[in-house]
Amino acid sequence: MTVLPITIWGEPVLHRRAAVVDAFDDGLRTLIADMFETNDAANGVGLAAPQVGVGRRLFIYRYDNDDGAPPTGAVVNPVLTLSKISGALPDPDEDEEGCLSFPGGQYPLKRADWARVQGFDGDGKPVDFEATGWFARVIQHEFDHLDGKLYVNRLTGRDSRKAMKQAKQSGWGVPGLTWLPGVDPDPFGH
């Protein structure tokens, strides 16, 4: 298994819809194993294929949950069903998110409290589970990557302006920027 470089905001693969996975083969299973290795090295809870430069509809997660879902999984070609998202302002303490492709930034964002995920595992076997609370947030966050969205694209008002200021000050927004977990400093201080 290999730790892969994580793409940073501005890399084109992060900002376009990922393509459907059409082959459940050794290449896909190797990618999934490498994504788990990368996620673990980055102290992440999830990772989508576009974050490692692969424009395919696939994400992995590692999150202990009380929903009866496996604590570790890969979901290929996922379909997501959500509960309604509250119109209330996000709580800066309860709703704060971060992203490995927007290193070091953490901003509050409202998400649905419930999600149903349907898709396939790396062998092409059906996957179908529900997620609530923070687990639902993780699933929604990773799914967004497959549609070319980072959580900072969903921010509004002051938080959006702060995130874009961080991106500008960091020199992001151009292709070719990555960081390598386990080699580069951990942007979240783990």
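## Strands S7 and S8

Strand S7 (residues 114-120) runs antiparallel to S8, and seven bridges join the two. Strands here are DSSP runs of E with at least two residues, helices are runs of H or I with at least four, and both are numbered from the N terminus. This is a predicted model, in which local features need pLDDT of at least 70 and side-chain atom pairs count only at pLDDT 80 or more, while totals for chains, interfaces and linings use all residues. Residues are numbered from 1 along each chain as its sequence is written, and side-chain values use heavy atoms, with hydrogens and water left out.

Across the pair, phenylalanine 120 stands opposite proline 126 in S8, and glycine 119 stands opposite valine 127. The hairpin has five residues between its strands, and glycine 124 in this hairpin takes a positive phi near 90°. Buried means under 20% relative accessible area, exposed means over 50%, and partly exposed lies in between, with a 1.4 Å probe and protein chains only.

## The sheet and its helices

S7 and S8 belong to an open sheet of five strands, ordered S2-S3-S4-S7-S8 with antiparallel pairing. Two strands pair if DSSP finds at least two bridges between them. Strand S2 (46-48) and S8 are the edge strands, each pairing on one side only.

Helix H1 (residues 26-41) packs on the sheet and touches S2, strand S3 (58-62) and strand S4 (72-82). Helix H2 (residues 133-146) also packs on the sheet, touching S2, S3, S4, S7 and S8. Contact means heavy atoms within 4.5 Å.

## Helix H3

Helix H3 (residues 157-170) has 14 residues, which should span 20 Å at 1.5 Å a residue; its end C-alpha atoms are 20 Å apart, in agreement. The expected span is 1.5 Å times one less than the number of residues. Asp159, Ala163, Gln166 and Ala167 of H3 are buried. Seen down the helix axis, the buried residues fall within an arc of 100°, so they line one face of H3. This arc is taken from the directions from the helix axis to the C-beta atoms. The buried residues pack against strand S6 (102-108).

On the other side of H3, Arg158, Arg161, Lys165, Lys168 and Gln169 are exposed. Lysine 165 has a relative accessible area of 53%. Just after H3, glycine 171 takes a positive phi of about 80°.

Technical notes: Axes fitted to C-alpha atoms, helices over the stretch in contact; angles between N-to-C directions.
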